[in-house]
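Hi,

Here is the structure I promised to pass on.

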Amino acid sequence: MTRRANAIVLLDQGRSCEDIAAFLLLDDDTVRNWYRAYERDGLAGLKTFGYKGSSSHLSLEQESALSEWVDAHCPSSTRKIGAFLKRTFGMSYSHAGLIALLHRLGFEYRKPKVMPRGLDDAKQQAFIDDYERLRNTMGLDEAVEFLDAVHPTHEVRPAGCWARKDVTIAVEQTTGRNRLNIHGAIDLETGQTQIVTAEKIDGLSLIKLLSEILRTHTAMRLIHVFLDNAQYHKADIVKEWLAKTGRKIVLHFLPPYCPHLAPIERLWGVMHQNITHNRDYKTFREFRREILKFLRQTVPKNWKQYRDRITDNFRVIHRADFRVIA
């Protein structure tokens, strides 16, 4: 009943049924039906759950058919399920009755997780094994860097936060859409970063970044750089640059579609949490300055604070653990 009351209050504050349903882990039809009940009967409408005992209208065979249909279609609302029951068995359920029935049959309203396309368990495990072998056998005169590109846009990213319950909070949209192109690398041992900006992320920006890595690792005999399979990372000009005398860099490419094996992806996430979430920068110049300051200075200086979130604690994502519905 408290959840229903909360939904009504949020509606009164101007939130949409979709937003409230997402926050309460419900479908939006549920919120609409609560609102209709409140409009019709006031608080008494919120206290009515419409249960008619624990027995089901459906036979075991019909329950099995319903379960198979829900499994096959993953319907987004109880309205579609009610229509199926009416069309197939000529039976009508209240919304609350449908929710109770679905729960009893082992269903709940869930949001799919996003997983990379084309995951290969064997390739992931092989990469992890090779990486651990390298880490365990490399000399003191070798270093490891993880490299990637990111393109933060000059805009506020709304994110959840604590605020007074009687105040509706908002963030103002930024009028511009300027984008900062960054090619960056990080050493997980020290937290040291190399960050370059470019008009365009391509083979030339990669060479610029690799040159910066060489400049800051003069004492190293060999530098292992892990990066994704972007086409510009394998450009001919990059290969020609690496082949020249004095290049101490060896490129190691991640398995396809495996951002979870790139710790620098977590650095970008930490950057957004600290710089763009609920933060408004009036000018692109200010936005750019704060992004680069965080990546070049704040992270290395406070590496003990961030190192537990930006790690090489890799794991295999098994496609078989998920049922892919789209």
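Predicted model: local features only at pLDDT ≥ 70, side-chain atom pairs only at ≥ 80, totals over all residues.

Let's begin with strand S1, which covers residues 142-150. Is S1 enclosed or open? Of its 9 residues, 9 are buried, so S1 is largely enclosed by the rest of the structure. Buried here means under 20% relative accessible area.

In a regular strand, side chains alternate between the two faces of the sheet. You can follow this along S1: Glu142, Val144, Phe146, Asp148 and Val150 point one way, while Ala143, Glu145, Leu147 and Ala149 point the other way. Both sets are buried.

Which strands pair with S1? One of them is S4 (residues 222-227), which runs parallel to S1, with 5 bridges between them.

**Two loop residues**

Now for the backbone. Cys74 isn't a glycine, yet it has a positive phi of about 45°. You'll find Cys74 in the loop between helix H5 (60-73) and helix H6 (78-89). Its relative accessibility is 34%, so Cys74 counts as partly exposed.

Asn278 also has a positive phi, about 55°, without being a glycine. Look for Asn278 in the loop between helices H11 (263-275) and H12 (284-301). With 31% relative accessibility, Asn278 counts as partly exposed.

Cheers

Technical notes. Residues numbered from 1 in each chain as written. Heavy atoms only, no water. Buried < 20%, exposed > 50% of the residue type's maximum accessible area, 1.4 Å probe, protein only. Helix = DSSP H or I, 4+ residues; strand = E, 2+ residues; numbered from the N terminus. Pairing = 2+ DSSP bridges.
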